[in-house]
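Hello,

Here is the structure I promised to pass on to you. Have a look at it first, and then read my notes below.

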Amino acid sequence: MKDCKIAFIGGGNMARSLIGGLLADGFPSQHIHVADPNAGHLENLQAAHSIQTYTDNIAAIKDCKVVILAVKPQQLQAVVKDLAPHWQNDTLLISIAAGIRLEDIARWLAQDSAALVRAMPNTPALVQAGATALCANENVSTSQHELAESILRSVGLALWVDDEAKIDAVTALSGSGPAYFFLVMEAMEKAAIELGLEPDTARLLCIQTAFGSAKMALESDESAATLRQQVTSPGGTTERALHELEDGDLRGLFENALVAAALRSRELALQLGQNDA
């Protein structure tokens with residue numbers, strides 16, 4: 001991987017996290033190109049990482065074997081169509097723009113044989129603790145699969161799904177998931193403060209409890225249900241608290257939330273991909 005050049009179109013937070021992860025893995029800074037219309041973004045990136053920066057997308061992708069599209073979904077069509085006349089057939093395109101389907105990218109690129117990967121990372125990638133699902137079209141070679149996985153694995157977990165339709169479920173689970181956990185933490189902190197804890201104490205205890213629980217789940221072979229049972233003593237405080245959550249239909253609320261997020265992901269894919277400008 002370290003022999004190829006990688007171009008990022010867009011220098012926002014997710015691009016910065018991937019660049020940081022790649023450099024931490026020993027990827028050569030001189031092999032990273034970033035294009036962005038914001039001169040301030042480029043100056044900060046160049047100063048922080050000594051990478052190659054451009055305001056011209058076409059110049060940025062020259063001689064690059066991987067191009068990562070890290071722009072807003074609403075901008076993607078224009079960006080891809082601008083790149084299309086200059087596209088090299090042996091280049092791998094990775095899109096991390098939410099809601100844009102591979103078939104729409106292929107149509108805008110006007111390259112039937114283009115190797116395309118769609119990735120759905122989440123915001124903890126900013127601290128190298130992300131969770132990313134990827135899917136590829138039939139033109140992606142084995143080596144390109146490995147390359148895409150290596151790039152996304154630099155900021156956390158990366159795994160493949162065999163059907164692009166599953167990306168909607170991924171978006172609902174891990175893509176939007178950090179917000180669900182933050183909401184739970186927010187609610188727990190508020191309740192703890194109302195019970196008499198100082199705000200700073202409530203915050204730190206809540207954060208460490210969330211971190212420790214996730215670490216236990218990650219390092220254990222047991223299911224979440226089993227881990228929950230192991231910390232729930234009959235007749236104890238945890239059991240009483242869980243009864244309140246179950247009585248409030250917490251499971252049903254989460255199911256409804258994920259279904260709503262998945263449906264919205266499908267709606268956005270149709271909206272953003274149906275009209276060619």
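The mean pLDDT of this protein is 94, and 98% of the residues reach 70 or more; pLDDT is the predictor's confidence in each residue, from 0 to 100. This is a predicted model, in which local features need pLDDT of at least 70 and side-chain atom pairs count only at pLDDT 80 or more, while totals for chains, interfaces and linings use all residues. Residues are numbered from 1 along each chain as its sequence is written, and side-chain values use heavy atoms, with hydrogens and water left out.

**The whole protein**

The secondary structure comes to 12 helices and eight strands. These are DSSP runs numbered from the N terminus: helices are H or I with at least four residues, and strands are E with at least two. Confidence is lowest in α2, at a mean of 86, and highest in α8, at 98. The C-alpha trace spans about 70 × 40 × 35 Å along its principal axes.

Of the 277 residues, 39% count as buried. Buried means under 20% relative accessible area, exposed over 50%, and partly exposed in between (1.4 Å probe, protein chains only). Among contacts with a separation of 6 or more, 64% come from residues 24 or more positions apart; a contact means heavy atoms within 4.5 Å. The accessible surface comes to about 15,400 Å², and 55% of it belongs to carbon and sulfur atoms. Those areas come from the Shrake-Rupley method with a 1.4 Å probe; for residues, only the protein chains shown count as cover.

Start with α1, residues 13-24. This helix has 12 residues and reaches 16 Å from its first C-alpha to its last, close to the 16 Å expected at 1.5 Å a residue. The expected span is 1.5 Å times one less than the number of residues. Ala15, Ser17, Leu18, Ile19, Gly21 and Leu22 are buried in α1, and the buried residues of this helix pack against β1 (6-9), β2 (32-35), α2 (39-49) and α6 (142-153). Just after α1, Gly26 takes a positive phi of about 95 degrees.

Then turn to α12 (250-274). With 25 residues, α12 reaches 36 Å between its first and last C-alpha, close to the 36 Å expected at 1.5 Å a residue. Its buried residues are Gly252, Ala261, Ala262, Ser265, Ala269 and Gly273, and their cover includes α5 (102-109), α7 and α8.

**A surface patch**

Val184, Met188, Leu245, Leu250 and Phe254 form a nonpolar patch on the surface, with about 400 Å² of accessible area together. Both α8 (177-194) and α12 supply at least two residues of the patch. Met188 is found in α8 and is partly exposed, as its relative accessible area is 46%.

**Single residues**

Which residues is Ser174 in contact with, leaving aside its neighbours within four places in sequence? They are Asn122 and Ala131. Ser174 lies in α7 (residues 167-175) and counts as buried because its relative accessibility is 18%.

Gln128 lies in the loop between β6 (115-120) and β7 (130-136), and Asp249 in the loop between α11 (237-247) and α12. Gln128 is partly exposed at 40% relative accessibility, and Asp249 is partly exposed with a relative accessible area of 43%.

Best wishes

Notes
Patches are made of residues with over 30% relative accessible area and no salt bridge: like charges are joined within 9 Å, nonpolar side chains (Val, Leu, Ile, Met, Phe, Trp, Tyr) within 5 Å. A salt bridge is a side-chain nitrogen of Lys or Arg within 4 Å of a carboxyl oxygen of Asp or Glu.
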